[in-house]
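Here's a quick briefing to get you oriented. Have a look at the sequence and the model first, then read on.

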Amino acid sequence: MPKVTFIEHNDTAHTVEGPEGRSLMQIAVDNMVPGIIADCGGSASCGTCHGYVEAPWLEKIPPPDDTEASMLEGVLHGEPNSRLTCQVRMTPELDGVRVRLPKSQI
Ligand code: FES
């Protein structure tokens, strides 16, 4: 099964297995990874599942759609590699993906 590593702002890393088709947010919540709040449950309307997807995996993910892009404009601590983890689905190509988490979601 593909793996994903979430890295908290304090550099604590959590490497967990992520079933194909499940969103990175769902994988984080399934594994009780701190730092992902996911208030809206994955409908791209809260922005509290924000993470920074590291290269080279960022290029393997389809770009944000208009809804995600709009939400990303309002997140705290936004960066060019910011994504809403609820909008990124695990694929075999993302095995090993590393996602850094922001200092704060709210
Ligand atoms: S869980 Fe709310 S925007 Fe991702």
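Which residue in β2 does lysine 3 stand opposite? Lysine 3 faces glutamate 17 there. Before going further, a heads-up: this is a predicted model, where local features need pLDDT of at least 70, side-chain atom pairs count only at pLDDT 80 or more, and totals for chains, interfaces and linings use all residues. Residues are numbered from 1 along each chain as its sequence is written.

**The big picture**

- The chain has two helices and five strands; here helices (H or I, at least four residues) and strands (E, at least two) are DSSP runs, numbered from the N terminus.
- Reading from the N terminus, the elements go β-β-α-β-α-β-β.
- The radius of gyration is 12 Å, close to the 13 Å that the globule rule gives for 106 residues, so the chain is as compact as a globular protein of that length. That radius is taken over C-alpha atoms, and the globule rule is 2.2 Å times the number of residues to the power 0.38.
- Along the principal axes, the C-alpha atoms fill a box of roughly 35 × 30 × 25 Å.
- Of the 106 residues in the chain, 30% are buried. A residue is called buried if 20 or more other C-beta atoms lie within 10 Å of its own, exposed if 12 or fewer, and partly exposed in between, with C-beta atoms placed from the backbone.
- Take the contacts in the chain with a separation of 6 or more: 65% of them are between residues 24 or more positions apart. Being in contact means that the C-beta atoms of two residues, placed from the backbone, lie within 7 Å.

**The sheet**

- Five strands make an open sheet with mixed pairing, in the order β2-β1-β5-β3-β4. Two strands count as paired if DSSP finds at least two bridges between them.
- β2 and β4 (82–84) are at the edges with a single partner strand each, so one side of each has no neighbour in the sheet.
- On average, neighbouring strands of this sheet are turned by 35° against each other, direction ignored; the angle is between axes fitted as lines to C-alpha atoms, and in general such angles run from 0 to 180 degrees between N-to-C directions, with helix axes fitted over the stretch in contact.
- Strands β1 (residues 3–7) and β2 (residues 13–17) pair in the antiparallel sense over five bridges. Their hairpin has five residues between the strands, and aspartate 11 takes a positive phi near 75° in it.
- β1 and β5 pair in the parallel sense, over four bridges. Isoleucine 7 has arginine 100 of β5 as its bridge partner.
- β3 (residues 50–53) and β5 (residues 97–100) run antiparallel, joined by two bridges. Tyrosine 52 has arginine 100 in β5 as its bridge partner, while valine 53 stands opposite valine 99 in β5.
- In a regular strand the side chains alternate between the two faces of the sheet. In β5, Val97 and Val99 form the covered face, and Arg98 and Arg100 the uncovered one.

**The core**

- The largest nonpolar core has 21 residues, and Val4, Leu24, Met25, Ala28, Ile36 and Val99 touch the most other members. By nonpolar core we mean a set of buried Ala, Val, Leu, Ile, Met, Phe, Trp, Tyr and Cys residues joined through C-beta atoms within 7 Å.
- β1, α1 (24–30) and β5 are the elements that give two or more residues to this core, and α1 gives the most, with four residues.
- Not counting residues up to four places away in sequence, valine 4 touches several residues, including Val16, Leu24, Ile27 and Val99.

- Valine 53, in strand β3, counts as buried, with 23 C-beta neighbours inside 10 Å. Leaving aside neighbours within four places in sequence, its contacts are Leu58, Ile61, Asn81, Arg83, Val97 and Val99.
- Cysteine 49 is in the loop between α1 and β3, and is buried with 30 other C-beta atoms within 10 Å. Its C-alpha atom is separated by 5.0 Å from that of isoleucine 36, 13 residues apart along the chain.
- Valine 29 lies in helix α1 and counts as partly exposed, with 19 C-beta neighbours inside 10 Å. Leaving aside neighbours within four places in sequence, valine 29 is in contact with Ile36 and Ala38.
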